[in-house]
Amino acid sequence: MNTISQQIKKHRIEKGFTQEQLGDLVGVSMQAVSKWERGGTPDIELLPALSDVLEVSIDELFGRRQKSLEKTISETIYPMDKKHAYDYAFKLCWSIFSDLAHFNGNVRGNSSDVTNEADPDQCYFSKLITNAGLACVRMSENFRTFFLMPEPKGSLRDKLADIEKLQKLFEAFSDINLLKVLFNLYMRPNIAIDTTFISRETGIAVKRVEQIMDTLAKNNLVYKTYGTTADGDIVFYMYIQESSVIPLLCFADEIQTKDMRDYVVEFNRSKPLF
């Protein structure tokens, strides 16, 4: 018995089909299926039908191990330049969302279909809030984000920092001068700057900038470094290159967006979020 004969028989049995049933589904006789399983080979034009009915790839019918989805995606994205890689990755994210939402038709996998060509900044939001987790997509030509959280084990509330720590962080971000300083730092990646420079750039007094930098340091958003000049030691600051502030600002902006257009919204959660 050759490999394809073994694979046809194996997957037929796994699907619970008789030889006659498989033959009917593919469009051949029971005798043809029996012949295949005893060492015969199907005609090449029947391979797509066999693949569909048995729900395996044609490669698998020939005993070739199918690549994992992760490896296939990696091999696709890795050679791309960064711009195209990020665009392609977002399309994958939209495809994931649409499948989670059980989309069908031409919307699936194509986020550009839901943006407004006349206004590239028009915001569309799609959200899923279910017992299996949360997913959120923000779609416009110029601004796209994706968030996915499978349902955590145990209480989500237990996974977050205590409410007092969260309150202190939100309190810090409520200071408009702190936000101005933070934005100024993010305009200068990988550059150490001192408080006098920040003061000149933002128009905020040096003493207040020093207080703000201390607050940012306590919240692990900047770190101090030191330099020596003819006039003595100087404290410089650099923002910590972490990945949380930008998403936080994006989601805060989403909460404040008034002219949002829901594209897909599904809320069928029966369990509490906290």
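1. A charge is taken to sit over a ring if NZ of Lys or CZ of Arg is within 6 Å of the ring centre and within 35 degrees of the ring normal. Under that rule Lys-127 lies over the face of Phe-125, at 5.6 Å from the ring centre.

2. This is a predicted model, in which local features need pLDDT of at least 70 and side-chain atom pairs count only at pLDDT 80 or more, while totals for chains, interfaces and linings use all residues. Residues are numbered from 1 along each chain as its sequence is written, and side-chain values use heavy atoms, with hydrogens and water left out.

3. Rings of Phe, Tyr and Trp (its six-membered ring) pair if their centres lie within 6.5 Å, and planes under 30 degrees apart count as stacked, over 60 as edge-to-face and the rest as tilted. The count by this rule is 3 aromatic pairs.

4. One of these is the edge-to-face pair of Phe-147 and Phe-251, with 5.7 Å centre to centre and 80° between the planes. Phe-147 belongs to strand 3 (residues 145-150) and Phe-251 to helix 13 (residues 245-256), so the pair ties together parts 104 residues apart in sequence; helices (H or I, at least four residues) and strands (E, at least two) are DSSP runs, numbered from the N terminus. Phe-147 is partly exposed at 32% relative accessibility, and Phe-251 is partly exposed at 29%, where buried means under 20% relative accessible area, exposed over 50%, and partly exposed in between (1.4 Å probe, protein chains only).

5. Tyr-186 and Tyr-239 form a stacked pair, at 4.3 Å centre to centre with 15° between the planes. This pair links distant parts of the chain, with Tyr-186 in helix 10 (residues 176-186) and Tyr-239 in strand 5 (residues 232-239), 53 residues apart. Tyr-186 is partly exposed, with a relative accessible area of 22%, whereas Tyr-239 is buried, with 12%.
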